[in-house]
Number of protein chains: 2
Amino acid sequence: MKQYQEMTKEELLQEKESLEAAYKAYQKRDLRLNMARGKPSTEQLDLAMDLLNNVLDERDIIIMSNGLDARNYGGLEGIPEAKTLIASMVDAKPEQVILYGNSSLNMMYDTVARAMTHGICGNTPWMKQENIKFLCPAPGYDRHFAITEHFGIEMITIPMSEDGPDMDMVEQYVNNDPTVKGIWCVPKFSNPQGYVYSAKTVERFANLHPAADDFRIFWDNAYCVHYLYDEEVTIPNIMELAEKAGNPDIVFEFASTSKVSFAGGGIAGMVSSRKNIDDALVSMSIQTISHDKINQLRHCMFFENGKRIPEHMKKHAAILRPKFEAVLNALDRDIAPTGAGSWVKPLGGYFITFETLEGCAARTIQLAKDAGVVMTGAGAPFPYHKDPKDSCIRIAPSFPNLEEITLAADIFTVCVRLATVEKLLSA
Amino acid sequence: MKQYQEMTKEELLQEKESLEAAYKAYQKRDLRLNMARGKPSTEQLDLAMDLLNNVLDERDIIIMSNGLDARNYGGLEGIPEAKTLIASMVDAKPEQVILYGNSSLNMMYDTVARAMTHGICGNTPWMKQENIKFLCPAPGYDRHFAITEHFGIEMITIPMSEDGPDMDMVEQYVNNDPTVKGIWCVPKFSNPQGYVYSAKTVERFANLHPAADDFRIFWDNAYCVHYLYDEEVTIPNIMELAEKAGNPDIVFEFASTSKVSFAGGGIAGMVSSRKNIDDALVSMSIQTISHDKINQLRHCMFFENGKRIPEHMKKHAAILRPKFEAVLNALDRDIAPTGAGSWVKPLGGYFITFETLEGCAARTIQLAKDAGVVMTGAGAPFPYHKDPKDSCIRIAPSFPNLEEITLAADIFTVCVRLATVEKLLSA
């Protein structure tokens, strides 16, 4: 097979005809496939059913190590056992952890909301400051950007490489501009590229000298234990590095069991310095009396306060790996020979990012949709939904079953190639 | 026994001596009793243990009536079954209900927070308006007032009577002052007095003509099904009345199962017009993907979507009633003959409010504390913690066991009497 960019017009027209035939054949099948959201599959959810059905009828189970009845009010920070569990996931100290409800996204939203209305650690509320900004390494997680957009915070795109965000640019902004208040990071198996921040990148984050006292790194360690292969990938502990660097309060780290136990019924935690936590607790103690400690307790029982998480994640990997590989195989088979895009094989996380030729992403996604394959919307991984090159497509292989994902990937590569050929012909 | 206010100085001194002897005897016992917070007792929490242990391992249990897997992402508004459950508690339509996590307080806080940063239904965010105010019927719930105080909203005290808030004053403020944005209400078995708003009061609330488009009634129906006796007390349905009055968007109603199932692990819902709900969902959909639907499911199974709640509440009443009566009996026995205060016997809810002679509440609470009986702090049921007459004491009989509450009530009446005698002697 010739690379598309080396084809003559005639060859492209011929390729187009053959792709259109394949495309129409798929269309006729009236399929409903979805590679849009990073949802665990039913099979993955089944892995933790014993968590739901562990028996809680003994008094010594219900009364926590601090004497608190898990069923009653109290324990705003979370039960001690759950602090240990979250700490084990991100290699933190339990005393650096507070629990929340079932959603780390909710913690991030509330953390920004608190900063807007009350400021961080005694600083002026962000709503009373003019033109505040967040740095947004992109492609990134659309729901992060949605939070800052919702609060009217200006978003500045920071390019991503396989080592993480462009740190020259990050340092330039953070160390000089006091209106820059935060940065969204997914340091391990980044959403959507699956990149792992290099040790140097983490080190440079920990050693920032922010111009603003109320600048914080929003370190969303969403995929901290979410390996696809036996090969475990580690990143340096940013909390420790930041402390060493004299920056103990620079990090809000987030983690949850949404993709460990249940996406809708897990537990979420925030890791930060005691100063930041005490500051958050001022508002949190007004907001609620306590989060659901019974669900925390169930998680602690099932995962033995975290000890059983690594073995549990291997079961997830065994389900996810073939799905990722089905997509990667289709790309290797259909795209590599044509040069119609590029991708990096992730070692963990929930996504594969496909990079089309410039100007082909939106058209590819539209074609896929019209053939019954829903993809994440074009531009979603960028601030304001604007993909400057119209080339980034987030593929989420987790939810459909293997047969469906294999078919969806086949259709996807047809759409990519068709969009590419159309583009080259129109040039 | 003579009423204290009719006693001579000599009689008072003699009474004081005898009370001090009784007080010191209690002090020597080094007791640790608590009548401070409206926490359910262990015995009450035990009533719903089967909720925790219902078995969820069948696929047809886990998949909701709308096709959603309770364990996965999605279903931000809550599962349909849980909407029915909350609707049954407050006599609403399921489509008027959205679920949240485990805490109605959290919904109220977030509702105020959303109004602060984003405004209500397109109105200017409260943080961008000057000098906004909330009406605070008092005595009221300290955690309500804590929310408005936390956001810097000026609080105006509205006197309470057995019919509810002073509605002349409420109408005067709401209908004329566009800076008045809300009012905190606990319409049924009010916290802390146990008063039930009269039909006329509810009717007048529904027929307000707010000067501000973004005025809302925060209708915290916390004790909607929380009867102490077989006698059920009903209040008119404010949502229906408001709709009839052409005020469909004036109410945010809140309810939860915190004191039905588990104080730390219940489910909470908000009832409002579709317009208000859609407005809230704009922010909520950024804030989280979904709340814990598994806990919603457990509640729906155990309470048969709400049908079993009335019978379940009778079991709570059977535990709570003797505790309330232990306190009321002590007051009848020790206080009534002396005229050292007044109270109203509640038919539901979680509190008894004791009204001392003017200037005796803080001293009574201090005396109780020094004898090992913790009461809700003086002034707590008032905005800014300021009880203008220093006379209001909230008694929470639910948490201690019957023996403890009986003893605590005995000590309490000694403290009340001693504080009263001291006061009369110092006059």
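The legends below describe several close-up views of a predicted model.

In this predicted model, local features need pLDDT of at least 70 and side-chain atom pairs count only at pLDDT 80 or more, while totals for chains, interfaces and linings use all residues. Residues are numbered from 1 along each chain as its sequence is written, and chains are lettered from A and ligands numbered from 1 in the order in which they are written.

**View 1. Strand 7 of chain B is largely enclosed by the rest of the structure.** Five of the five residues of this strand, residues 216-220, are buried, where buried means that 20 or more other C-beta atoms, placed from the backbone, lie within 10 Å of the residue's own. Helices (H or I, at least four residues) and strands (E, at least two) are DSSP runs, numbered from the N terminus. In a regular strand the side chains alternate between the two faces of the sheet. Here Arg216(B), Phe218(B) and Asp220(B) lie on one side, Ile217(B) and Trp219(B) lie on the other, and both faces are covered.

**View 2. Strand 7 of chain B is paired with strand 6 and with strand 8 of chain B.** Two strands pair if DSSP finds at least two bridges between them. Four bridges join strand 6 (residues 180-185) to strand 7, and these two strands run parallel; within this pairing, Trp184(B) stands opposite Phe218(B). Four bridges also join strand 7 to strand 8 (residues 251-256), again in parallel, and Val251(B) is the bridge partner of Ile217(B). The chain passes from strand 7 through helix 10 (residues 238-244) to strand 8 in a right-handed β-α-β crossover, right-handed meaning that, with the strands pointing away from the viewer, the path from the first strand over the helix to the second runs clockwise.

**View 3. Thr201(B) is a buried residue of helix 9 of chain B.** Thr201(B) counts as buried because it has 22 C-beta neighbours inside 10 Å. Leaving aside neighbours within four places in sequence, Thr201(B) is in contact with Asp163(B), Gly164(B) and Met167(B), contact meaning that the C-beta atoms, placed from the backbone, lie within 7 Å.

**View 4. Phe189(B) has a positive phi of about 50° although it is not a glycine.** Phe189(B) lies in the loop between strand 6 and helix 9 of chain B, and Phe189(B) is buried, with 25 other C-beta atoms within 10 Å.

**View 5. A cis peptide bond joins Ala138(B) and Pro139(B), with omega about 5°.** Pro139(B) is found in the loop between strand 3 (133-138) and helix 7 (142-150) of chain B.

Definitions and conventions:
Buried ≥ 20, exposed ≤ 12 C-beta atoms within 10 Å, placed from the backbone. Contact = placed C-beta atoms within 7 Å.
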